[in-house]
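Subject: Structure handover

Hello,

The structure we discussed is below, followed by notes on what was found in it. Please look through them before you set up your own work.

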Amino acid sequence: MRADGVEHDLFVLTTGLVLVANPGKSDNGRQRMRDLLGTTTAVSLAERNRFVAFEEIESARIGKQIPLDAELVLYGGATLRLRERWSSDELDDDSRKRLVSLLENV
């Protein structure tokens, strides 16, 4: 996933999004994310990386669902652009669907 033009791994928590910058090569992304989740807690992941709480998101505009292209407007006026690549890996087959659903209900 590209967030504001920079490669990230994106994790969706119950309270918000965690963006892990510059995660490494795009191949084997699914295994890389699983390994990261297996060695740390969600709280630690959110503390050490960019965390965007759902309550910080004022609105979301989804340009495309596949590959995901969305712009989040945060309270305070900042924006966050999320752009998925066609070759992006997901932790499971429903990850994108759940993310889109969350953003549609912000």
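Sorted by class, the residues lining the largest pocket are 12 nonpolar, seven polar and 11 charged. The model is a predicted one, and the pocket volume computed from it is about 580 Å³. The lining comprises 30 residues, and those closest to the pocket centre are Leu10, Met33, Asp89, Glu90 and Leu91. Three elements each supply two or more residues to this lining: S2, helix H1 (29-39) and H3. The biggest contribution is from S2, which gives six residues.

Strand S2 spans residues 6-12 and includes Asp9. Is Asp9 buried or exposed? Asp9 counts as buried because its relative accessibility is 7%, and the cut-off for buried is under 20%. Its side chain makes a polar contact with the side chain of Arg32, at 2.8 Å. Leaving out residues up to four places away in sequence, Asp9 touches Val18, Leu19, Val20, Pro23, Arg32 and Met33.

Leu19, one of those partners of Asp9, also belongs to the largest nonpolar core. That core has 17 residues, and the members touching the most others are Leu17, Leu19, Leu72, Leu80, Leu82 and Leu99. Two or more core residues come from each of strand S3 (16-21), strand S6 (69-74), strand S7 (79-83) and helix H3 (95-104).

Which residues does Leu19 contact, apart from its neighbours within four places in sequence? They are Ala3, His8, Asp9, Leu10, Asn49, Arg50, Val52, Leu80 and Leu82. Among these, Leu10 is also listed with the residues closest to the centre of the largest pocket.

The last item is a loop residue. Thr14 sits in the loop between S2 and S3. Thr14 is classed as exposed because its relative accessible area is 79%, where the cut-off for exposed is over 50%. The C-alpha atoms of Thr14 and Glu55 are 11 Å apart, while the two residues are 41 residues apart along the chain.

Regards

Notes
Residues are numbered from 1 along each chain as its sequence is written. This is a predicted model: local features need pLDDT of at least 70, side-chain atom pairs count only at pLDDT 80 or more; totals for chains, interfaces and linings use all residues. Side-chain values use heavy atoms; hydrogens and water are left out. A nonpolar core is a set of buried Ala, Val, Leu, Ile, Met, Phe, Trp, Tyr and Cys residues joined through side-chain atoms within 4.5 Å. Buried means under 20% relative accessible area, exposed over 50%, partly exposed in between (1.4 Å probe, protein chains only). Helices (H or I, at least four residues) and strands (E, at least two) are DSSP runs, numbered from the N terminus. Contact means heavy atoms within 4.5 Å. A polar contact is a pair of N or O atoms within 3.5 Å; within protein, one must be able to donate a hydrogen and the other to accept it, and residues adjacent in sequence count only if both atoms are side-chain atoms. On a 1 Å grid over the protein atoms alone, a cavity is a set of points where a 1.4 Å probe fits but cannot get out, and a pocket is an open set with protein on both sides within 12 Å along at least five of seven lines; lining residues have an atom within 4 Å of a point. Grid points are joined across faces, edges and corners, and a volume is the space filled by probe spheres set on the points. Ala, Val, Leu, Ile, Met, Phe, Trp, Tyr, Cys and Pro count as nonpolar, Asp, Glu, Lys and Arg as charged, and the others, Gly among them, as polar.
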